[in-house]
Amino acid sequence: MHRRILYSTLKQSRRFKSHVIGIDLGTTNSAVATIGADNEPFILENDEGKRTTPSVVAFTEQSSNGKSNNSTSVSSKPIGDVAKRQALINPRNTFFATKRLIGRKFEDPEVQRDIGNVPYKIVPNSQGDAVVETSWGEKITPLEIGGLVLEKMRHIAEKQLGEGQISKAVVTVPAYFNDSQRQATKNSGKLAGLEVLRVINEPTAAALAYGCDKSRKEGIIAVFDFGGGTFDVSILDIEDGIFEVRATNGDTHLGGEDLDIILMRYILEKFKLQHGIDLSLNQEAVQRIRDAAETAKIELSTKDKTEIKLPFIFEDKHIDFAITEPELNEMSMLLINKVIDPVKRCIKDAGLKIKDIDEVLLVGGMTRMPLVRQVVSELFGKPPSTAVNPDEAVALGAAIQGAILSGQVKNVVLLDVTPLSLGIETYGGIFSPLIPRNSAVPIKKEQMFSTAVDGQTGVELRVYQGERTLVKYNKEIGHFKLSNIPPGPKGTPQIAVEFEIDADGIINVSATDKTPYSKDSPHYGKPNTVSIQVTEVGMSESEVEKMLEESRQNKLDDEKMRKLYEHASRAEILCTDTEMALVQFGEQMESGEVDAIKVEISRVRVMIDDIRSGKQLHNPQVLNNELNQMQKTCMEAIKNLAAKQQQQEEK
């Protein structure tokens, strides 16, 4: 998603009594920040004096009591560093990286990929959502885990700021989180006792943190955000105090956790070769090895070599060997190279070339890795900037956004955009976009539609997202029906369809009968509206890019198909009109004439079905010829009937 940021000075004029905190709810670590008295954002340290807190929650049977509704109390569960330390003795019930599961179904390929990489159990709930399960069978949603981490962040803020209960926050999410995932994040806030005033994208938050320093030079900036679980890249244009995010791209399932898994598997395989023992099913051993892998990865960001020592990993066997930075680079190169294509697509979407980028800003813990910095340097043709702390920039930006919403920061405007067009299916399977791609949000659009056939008393609305002219090539994201429309001639009812996208990217669609009925009509003054909130709208970066690429490749073919579908829709309406004529006059016509008309109608309907199913794309001229013949046959029959009636009147 793109954002346009207008940044000005900070002013102390709060709309809320307490602070609006900014929270970076990270896959691996989380952080909380606020705006200080000096008008600068700052990180709030946890009880151990650390500026980030592991996004880890541990459960015990005693703290849970086997009841999921007791599972959202920070006081009774280890969270953060404490939870991470006890993971070695409680791996089955220590949950980390659950952000990857938020808003996802159990059958999601990404979820299935994670199942074999974590020591805890991932299972489906009754709705088919991915949840985690304790060793005693209690199912806990990622929403609840997120709620506990957010509550921990709230407690840190309350203790550091010395205020009463803090109730409002801005929480960040990956740029390509879908509507379901954003809603789940907001709901996690509710469980934590927080009103999430805004859900904003992580690269946008980093852009705000970068923009907070007025000394930054103007130009085109790339924000390269490579964190524990996700990767995002954004292109900003900074000019005359205006920060405009021109394009965003990324991968919601690519991060440091994946490198930990690669190194963990390397250690497991090395031990197996040395001792002939497979430790992959030993949960305690796997947890120790995974922790050692993460530590080694971090140490190799500043060292050429590190030791991996795990005594008595299995009975009297030990793990004790050295690993070098080149060895780590070799095993991680394929993973890190996955950032290249999203960067190139982002630059292309921004309408730029790599040489147009003036500075590259690094965000996220993975950007501390020398190989990542090398890849970034080679990709952009210049060394990256480390102007902001990669672990803290997102939380700092969220704090700035919180200050914007509280009125503490003035004259800052964020304008998001939709990554794909949104619209409805119109008669004949044609996609009618109401909100084009790259429209700034929040936005509200209304368009008038009507009925396609006489006597139609209901309109079924199907909402789609995509760029193709035919709905069958786009993604359906919701549907509903407006009923109780008074029967009348086609085209008479006035149906207003309204799309509204709020600042969190959540979509509401409504349809209202706005026909101006007369005062003596039973429908006069009676509201007739139906609406839905789309609950699964967003797509992964790969899905969005696939849709855009297919749209570009099929532009000419789609235009031909649109015209064919329009011909087919016109033909169907004429067939319906002809059938209505048979209902009205058929009994008075000659049986041979009626049969001839029905044959013509049948022939045209077969052609319509052929076009819509793709079985045969009939030439529009051939279809028109058949229509003309059908209308000619019908009109001749009606003329003959009229002549008969006139003869009878003359007798």
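**Figure 1. Packing of helix α7 against helix α9.** In this predicted model, helix α7 (residues 256-275) and helix α9 (residues 325-336) pack at an angle of about 130°, with their axes 10 Å apart. That angle makes α7 oblique to α9; angles under 35 degrees count as roughly parallel, over 145 as roughly antiparallel, 65 to 115 as roughly perpendicular and the rest as oblique. Axes are lines fitted to C-alpha atoms, for helices over the stretch in contact, and angles run from 0 to 180 degrees between N-to-C directions. The crossing is right-handed (the near helix is turned clockwise from the far one by less than a right angle; anticlockwise is left-handed). Asp258, Leu259, Ile262, Leu263 and Tyr266 of α7 meet Glu327, Leu328, Met331, Ser332 and Leu335 of α9, where contact means heavy atoms within 4.5 Å. Helices (H or I, at least four residues) and strands (E, at least two) are DSSP runs, numbered from the N terminus.

Residues are numbered from 1 along each chain as its sequence is written, and side-chain values use heavy atoms, leaving out hydrogens and water. Because the model is predicted, local features need pLDDT of at least 70 and side-chain atom pairs count only at pLDDT 80 or more, while totals for chains, interfaces and linings use all residues.

**Figure 2. The largest nonpolar core.** Of its 51 residues, Phe224, Ile235, Ile289, Ile319, Ile357 and Phe380 touch the most other members. A nonpolar core is a set of buried Ala, Val, Leu, Ile, Met, Phe, Trp, Tyr and Cys residues joined through side-chain atoms within 4.5 Å; buried means under 20% relative accessible area, exposed over 50%, partly exposed in between (1.4 Å probe, protein chains only). Helix α7 gives the most to this core, with seven residues. The core lies between domain 1 (21-60 + 74-254 + 332-417) and domain 2 (256-331), because both give residues to it; the domain bounds come from an automatic or database domain assignment.

**Figure 3. Surroundings of Ile357.** Leaving aside residues up to four places away in sequence, Ile357 touches Ile220, Ala222, Ile235, Ile347, Leu352, Phe380 and Lys382.

**Figure 4. Packing of helix α15 against helix α16.** Helix α15 (residues 591-613) and helix α16 (residues 620-650) pack at about 160°, with their axes 9 Å apart. This makes α15 roughly antiparallel to α16, and their crossing is left-handed. Among the residues in contact are Ile597, Ile601 and Val604 of α15 and Leu623, Leu627 and Met630 of α16.
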